[in-house]
Amino acid sequence: MVFDPDMIRRVYAGLEEKIEQARKLLGRPLTLTEKILYAHLSEENGPGPYKRGDNYVNFDPDRVAMQDATAQMALLQFMQAGRNKAAVPSTVHCDHLIQAKIGAKKDLEVALDANREVFDFLSSVSNKYGIGFWKPGAGIIHQVVLENYAFPGGMMIGTDSHTVNAGGLGMVAIGVGGADAVDVMAGMPWELKFPKLIGVKLTGKLSGWSSPKDVILKVAGILTVKGGTGYILEYFGPGALEISCTGKGTICNMGAEIGATTSLFGYDGKMEQYLRGTGRAEVADAANQVKVHLTGDAEVYQLPEKYFDQVIEINLSELEPHINGPFTPDLATPVSEFAKAVEKNGWPDKLEVGLIGSCTNSSYEDITRAASVAKLALDKKLKARSEFTITPGSETVRYTAERDGLLDIFEQIGGVVLANACGPCIGQWARHNADKQEKNSIMTSFNRNFAKRNDGNPNTHGFVASPEIVTAYAIAGTLKFNPMTDTLVNEDGEQVRLAEPTGLDFPPRGFAVGDAGYQAPAMDSSSVEVIVDPRSDRLQLLKPFPAWEGTDLKGLRLLIKARGKCTTDHISMAGPWLKYRGHLDNISNNLLIGAVNDYNGKTNLVKNQLTGEYGEVPATARHYKKSGVGSIVVGDENYGEGSSREHAAMEPRFMNVRAVLVRSFARIHETNLKKQGMLALTFADPADYLKIREDDVIDITGLTEMAPGQPLTVVLHHQDDNTESIPVNHSYNEKQIDWFRAGAALNLMRE
């Protein structure tokens with residue numbers, strides 16, 4: 001089935017003219033990224049060309065996608081926007097609220113019962129505003145989008161950082177906060193600083209144990225978790241043509257872990273095959289008519305250094321499988337060196353659990369490659385020595401894999417098939433004994449591995465690899481193993497070796513599904529009611545944030561000075577807190593509970609300057625708020641990396657935190673703070689982070705004359721009666737300053 005064919009036809013009909021205009025404007029050949037961005041410019045823009053990494057530009061995305069955890073807050077905001085229907089095709093996907101515990105069937109039943117109020121709300125609000133609704137169990141948002149909605153040359157935004165997965169089908173797909181989604185659904189343009197470009201040239205061909213996952217694991221090791229911030233990665237070269245469409249999706253998906261705005265590949269034969277294989281021959285035919293515009297100009301790829309800000313080259317024929325981690329997705333180690341790294345670093349070498357799936361690696365190809373390893377292990381009388389779980393990406397993938405006998409193979413080696421949902425990848429995992437907080441190791445084919453990410457245990461060492469590598473290690477049961485060279489002892493006491501994985505891009509008999517889980521919105525929604533119980537502890541209607549008082553901010557108290565890595569998981573944890581994603585007051589009780597206090601090295605223990613006592617971060621923030629005192633959060637490098645969750649910005653705003661001052665921001669989080677009327681500031685001199693003292697009373701001056709590119713001043717009133725002033729920078733443009741003055745971007749929209 002092809003969704004929104006008229007919209008796709010409109011995009012393609014105007015593509016040639018818009019790209020030719022951009023080519024004349026820039027006076028040179030274009031990258032694919034530039035073609036798509038310039039083809040989606042809003043009429044509100046001034047004359048180009050636009051300077052990469054400098055100019056804020058307005059765009060008109062083609063569609064919006066939201067997952068259930070972030071959709072709640074996004075749609076609660078949309079309900080305040082005064083619109084009757086979403087202005088662009090939009091969808092909601094219920095994939096985050098299903099906890100993995102026993103197995104797919106039982107876990108889904110429990111989730112449907114426990115979250116009925118939220119699912120009913122999302123279903124009814126989608127029905128009311130013309131939004132497509134994918135029911136619990138339908139699949140993980142990004143796999144479902146790739147199978148049904150993504151199309152080459154399009155542009156979409158989604159309220160999840162891994163929206164970038166759709167780059168595997170040649171789309172500029174960008175993760176955003178809910179307020180950005182509300183803008184687009186309300187028919188307004190969406191703003192983005194024009195990104196810089198990194199070209200990744202792929203040569204050679206993957207073989208043996210190496211897979212598309214290893215491409216992005218290698219890139220993450222090169223660029224680190226913040227090396228892609230402000231950039232779009234465009235993959236090209238003969239090696240790119242050899243990678244399957246879902247493999248391309250895997251590479252783009254995990255680009256979020258390097259901070260990239262998004263990643264994408266040009267349209268090719270693999271994408272055409274995938275479109276036809278997923279019932280979208282009509283889209284493939286349309287794309288073929290404009291395919292010259294769905295890839296970068298030939299001159300760009302011949303001299304990439306001339307057109308990209310940075311170029312990386314990877315020979316796939318020489319690429320070794322990698323394992324990244326623990327605790328950060330950019331610590332990349334080739335498999336041949338991994339056992340030595342385990343020994344050198346004292347990582348627990350017993351593998352407790354292997355987990356495959358997630359939005360990153362849950363396609364039919366992924367499952368067939370992992371199943372081939374499992375089948376050959378069975379043939380050689382081996383079974384998994386670690387716990388082993390499998391998460392299909394969608395009901396279509398699950399149904400087809402079950403029909404083809406693949407899931408049975410996993411179960412025969414001791415695996416457990418989980419629901420088609422995010423599950424352990426986002427902390428929705430009722431892992432037994434995790435509360436004991438013992439040191440242990442797990443290996444996943446997921447994308448993130450921050451401390452506490454999967455099971456809440458800070459001592460769980462999470463390693464990230466391809467599904468086939470995870471399967472091999474789960475069979476071995478130890479990290480001191482190399483599937484390319486080492487042998488294992490089977491049930492008969494024989495030394496046997498695992499064979500190289502093999503896989504299929506598509507099922508030989510085609511995809512099949514009973515009920516894909518889609519609910520179309522009502523044609524006439526005038527009688528549809530969206531009800532939120534005022535007594536609910538899961539859902540809460542929003543009240544507008546107050547406007548700026550028109551003066552400098554004086555007498556702020558330091559809520560916390562966060563040390564080191566502080567992701568959105570640290571600011572607003574997932575796991576058990578997901579159930580409060582639609583209730584701002586309740587979820588604010590997890591504000592910054594995972595951040596490390598620089599003054600005592602502890603989490604969730606900060607000094608209350610009004611009482612002199614130490615307490616939990618949320619309780620301290622609430623005390624300041626109740627006392628009419630504003631507060632400030634200070635952070636380190638790449639503050640707010642990770643998930644797009646705007647709760648990490650809405651919670652401090654709700655708790656009367658007036659500013660966040662850091663060494664540097666992750667892109668999405670900085671934008672989310674701006675949207676909610678917060679001050680997102682950076683130290684002009686990163687070393688000034690060290691000047692902030694635990695008992696400081698802090699002023700922010702220059703706000704009455706706040707202007708783009710003009711620094712502000714932070715005044716530190718130390719307890720020894722000394723005063724120190726430090727310059728701080730911001731990246732606000734005129735429109736974003738108006739958001740701050742109004743108290744939030746939504747306040748302006750409402751007006």
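A polar contact is taken here as a pair of N or O atoms within 3.5 Å, where, within protein, one atom must be able to donate a hydrogen and the other to accept it, and residues adjacent in sequence count only if both atoms are side-chain atoms. The structure is a predicted model, in which local features need pLDDT of at least 70 and side-chain atom pairs count only at pLDDT 80 or more, while totals for chains, interfaces and linings use all residues. Residues are numbered from 1 along each chain as its sequence is written, and side-chain values use heavy atoms, with hydrogens and water left out.

By this criterion, the side chain of Asn420 reaches the backbone oxygen of Gly137 at 2.9 Å, and a polar contact of 2.9 Å also joins the side chains of Asn420 and Glu395. The C-alpha atoms of Asn420 and Glu395 are separated by 6.4 Å, although the two residues are 25 residues apart along the chain. Asn420 is found in the loop between strand E16 (416–417) and strand E17 (440–444), where helices (H or I, at least four residues) and strands (E, at least two) are DSSP runs numbered from the N terminus. Asn420 counts as buried because its relative accessibility is 4%; buried means under 20% relative accessible area, exposed over 50%, and partly exposed in between, with a 1.4 Å probe and protein chains only. When neighbours within four places in sequence are left aside, Asn420 is in contact (heavy atoms within 4.5 Å) with Gly137, Gly139, Ile140, Pro392, Ser394, Glu395 and Arg398.

A polar atom of the Asn590 side chain lies 3.2 Å from the backbone oxygen of Met573, and, leaving aside neighbours within four places in sequence, the contacts of Asn590 are Ile571, Ser572, Met573, Trp577, Pro618 and Glu651.

Turning to the helices, the axes of H2 (residues 15–26) and H3 (residues 32–39) come within 9 Å and cross at roughly 110 degrees, the axes being lines fitted to C-alpha atoms, for helices over the stretch in contact, with angles running from 0 to 180 degrees between N-to-C directions. H2 is therefore roughly perpendicular to H3, a term that covers angles of 65 to 115 degrees. In this pair, Leu15, Lys18, Ile19, Ala22, Arg23, Leu25 and Leu26 of H2 meet Glu34, Lys35, Tyr38 and Ala39 of H3. By class, the contact of H2 with H3 has seven nonpolar, no polar and four charged residues, where Ala, Val, Leu, Ile, Met, Phe, Trp, Tyr, Cys and Pro count as nonpolar, Asp, Glu, Lys and Arg as charged, and the others, Gly among them, as polar. Helix H8 (residues 178–185) is mostly covered, with eight of its eight residues buried, and just after H8, Gly187 takes a positive phi of about 85 degrees.

Several backbone features occur in loops. The peptide bond from Gly325 to Pro326 is cis, with omega near 5 degrees, and Pro326 lies in the loop between strand E12 (322–324) and strand E13 (332–334). Lys381, in the loop between helix H17 (364–379) and strand E15 (387–390), has a phi near 60 degrees, a positive value in a residue other than glycine. Lys381 counts as partly exposed because its relative accessibility is 40%. Gln437, which lies in the loop between E16 and E17, likewise has a positive phi, near 55 degrees, and counts as partly exposed at 40% relative accessibility.

Notes
Angles under 35 degrees count as roughly parallel, over 145 as roughly antiparallel, 65 to 115 as roughly perpendicular and the rest as oblique.
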